[in-house]
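Here is a short briefing on the covalent and charged links in this protein chain. Have the structure open beside you as you read.

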Amino acid sequence: MAPFGTKEVVLLTPLTQYYRGVLRGNFVSGATSFWSTTTGSITISGIPAGASIVKALLFWGCECNSTSDLANINFNGTPITGSVVGSTSSLCWGTGSYLNYVADVTALVSGNGTYTISVPSSLPTTPGADGASLYVVYCEGSEPIRTISIYAGAEHLSILTFTSYSWTQSGFTATVSPQAKASFTGGDCQDGSSNTLYFNSSFVYTCDGSTPGNHYGWWEADVSSMVPPAATSVNWQFNSSGSDCVSPNVSVISITSVDPETYTCAAGYDDPISVDENGNIYASEEIEVYNIMGQRVSTGQKLPKGIYFIKGKRGIKRVILR
C-alpha cells in the first residue's frame with residue numbers, strides 16, 4: 001500500500017465461480033510474492049503418484065493502468081497470456097486499477113515440482129505485479145468423490161471504502177461427514193498489517209504479507225471441522241485492518257460430496273459397493289449406511305425407497321432408490 005491519495009472511484013468484481021469439477025481427487029496450491037523482484041517460484045507438492053492433472057490455473061495481481069500492462073508473462077520459461085478475472089480501483093498505489101489475472105496452464109504442469117514465474121515489472125514499481133498463486137486439480141481413482149470450486153474476482157477494501165467483504169461459495173452438496181480443504185489468495189497484503197479472514201464465521205488467517213511474502217497473501221488448510229453435514233455452501237469474510245488497502249482475489253473449497261461426477265479418472269477402479277433395484281446391498285469392504293436424516297441404517301436389511309449415503313474405505317456414495 002502506498003500513501004493515501006484522493007478518494008477513488010471503486011469498481012468491484014464480486015467473487016464468483018470460475019471453475020467447478022466433481023471427481024475422485026483434490027487440489028494442491030502454492031504462491032509467490034513479486035515484491036522487489038520480477039521472478040518468483042511456486043513449489044507444488046502432495047499430488048499422489050499416478051494421478052492425472054485435470055486443471056492448473058495461475059492467478060496474478062497487478063497495480064495497472066491498462067489491462068495489457070501485465071497480461072503477458074512467463075511460466076516456466078513459456079510465454080503465457082492472462083485474462084482479467086477481477087478488477088477494482090487501485091489498492092492505494094495511484095494506478096488506474098488493481099487487476100486479478102488468470103491463465104490456464106494445465107498443459108505446462110506435469111505434477112509435483114517447482115514452477116518459475118517471471119513478470120515484466122513488480123511492486124514497488126508501478127505498473128507492477130504483487131504476486132501469483134497456482135491451483136492444481138488432480139484426479140486419482142482411489143480418492144473419494146470431491147467437488148472442487150474456485151471463485152475469483154477483486155474487491156477494494158480499505159479505510160477509504162469498505163473495510164469488510166463477505167461472500168457465499170456454493171455449487172455442492174457435502175457428504176454427511178465432510179472432508180474439506182480450503183484456500184485463499186489476497187492481493188496487496190502488506191507486511192505487518194492485520195487483515196483477517198474468516199471461514200464459516202471462524203477466524204482462519206491473518207493476511208499480513210508474511211506468506212508467501214510482502215504485499216501478497218495465500219492460505220490453505222483443512223476445514224473439515226468447520227463444515228456441517230450435507231452442507232450446500234460455505235461463507236467467507238475478509239476484513240481490512242483499516243490501514244491497508246487489500247483485495248480478496250481467489251477462494252477455493254474442496255469437499256467430499258454426493259454430486260454427480262463431471263470428470264472420470266483415466267485409470268478408474270471397480271466400485272466395491274453396489275445396491276440392486278430391490279435394495280439389497282453388496283459390498284467387498286466394511287461399510288456404514290445412513291439415511292437422509294443422518295441416521296445409521298442396518299446393512300443386513302433391504303433398503304426401502306429413499307436416499308441413502310453409503311460410507312466405505314474409498315469414500316461416500318449416494319444411492320437413490322425409487
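Let's begin with a lysine: Lys181 has a relative accessible area of 17%, so this residue counts as buried, the limit being under 20%. Please keep in mind that the model is predicted.

**Salt bridge of Lys181 and Glu220**

- The buried Lys181 has a charged partner, as its side chain meets that of Glu220 in a salt bridge with an N to O distance of 3.6 Å.
- Glu220 counts as partly exposed because its relative accessibility is 28%.

**Salt bridge of Arg20 and Asp259**

- Arg20 and Asp259 form another salt bridge, in which the closest N and O atoms are 3.7 Å apart.
- Since Arg20 sits in strand β1 (residues 13-33) and Asp259 in the loop between β18 and β19, the pair ties together parts 239 residues apart in sequence.
- Arg20, at 33% relative accessibility, is partly exposed, whereas Asp259, at 10%, is buried.

**Salt bridge of Lys55 and Asp104**

- The side chains of Lys55 and Asp104 also meet in a salt bridge, with 2.8 Å from N to O.
- Here both ends are in strands: Lys55 is in β3 (residues 52-64) and Asp104 in β7, so parts 49 residues apart in sequence are tied together.
- Both residues are partly exposed, Lys55 with a relative accessible area of 22% and Asp104 with 46%.

**Disulfide pairing**

- As a reminder, a disulfide is a covalent bond between the sulfur atoms of two cysteines.
- How are the bonded cysteines of the chain paired when they are numbered in sequence order? The pattern reads 1-2, 3-7, 4-8, 5-6.

**Disulfide of Cys92 and Cys245**

- Cys92 and Cys245 form a disulfide with their sulfur atoms 1.9 Å apart.
- This pair links distant parts of the chain, 153 residues apart: Cys92 is in the loop between β6 (83-88) and β7 (97-104), while Cys245 is in the loop between β17 (233-239) and β18 (247-256).
- The torsion about the S-S bond of Cys92 and Cys245 is about -55 degrees, so this disulfide is left-handed.
- Cys92 and Cys245 are both buried.

**Disulfide of Cys139 and Cys265**

- A disulfide is also formed by Cys139 and Cys265, whose sulfur atoms are 1.8 Å apart.
- Cys139 lies in strand β9 (residues 128-139) and Cys265 in the loop between β18 and β19 (273-275), so the link ties together parts that are 126 residues apart in sequence.
- Is the disulfide of Cys139 and Cys265 left-handed or right-handed? With a torsion of about -90 degrees about the S-S bond, it is left-handed.
- Cys139 is buried at 2% relative accessibility, and Cys265 is buried at 9%.
- The loop between β18 and β19 that holds Cys265 also holds Asp259, the salt-bridge partner of Arg20.

**Disulfide of Cys189 and Cys207**

- Cys189 and Cys207 are joined by a disulfide with an S to S distance of 2.0 Å.
- Their positions are 18 residues apart in sequence, as Cys189 lies in the loop between β12 (180-187) and β13 (195-199) and Cys207 in strand β14 (residues 202-207).
- The link of Cys189 and Cys207 is right-handed, with 95 degrees about the S-S bond.
- Cys189 is buried with a relative accessible area of 0%, and Cys207 is likewise buried at 0%.

**Nonpolar surface patch**

- Which residues make the nonpolar surface patch of about 310 Å²? The patch is made by Ile292, Met293 and Ile307.
- Met293 is found in the loop between β21 (288-291) and β22 (296-297).
- With 66% relative accessibility, Met293 counts as exposed because the limit is over 50%.

Key. Residues numbered from 1 in each chain as written. Predicted model: local features only at pLDDT ≥ 70, side-chain atom pairs only at ≥ 80, totals over all residues. Heavy atoms only, no water. Disulfide = S-S within 2.5 Å. Helix = DSSP H or I, 4+ residues; strand = E, 2+ residues; numbered from the N terminus. Buried < 20%, exposed > 50% of the residue type's maximum accessible area, 1.4 Å probe, protein only. Patch = residues over 30% accessible without salt bridge, like charges linked within 9 Å, V, L, I, M, F, W, Y side chains within 5 Å. Areas by Shrake-Rupley, 256 points an atom, 1.4 Å probe, with all protein chains shown as cover. Salt bridge = Lys/Arg side-chain N within 4 Å of Asp/Glu carboxyl O.
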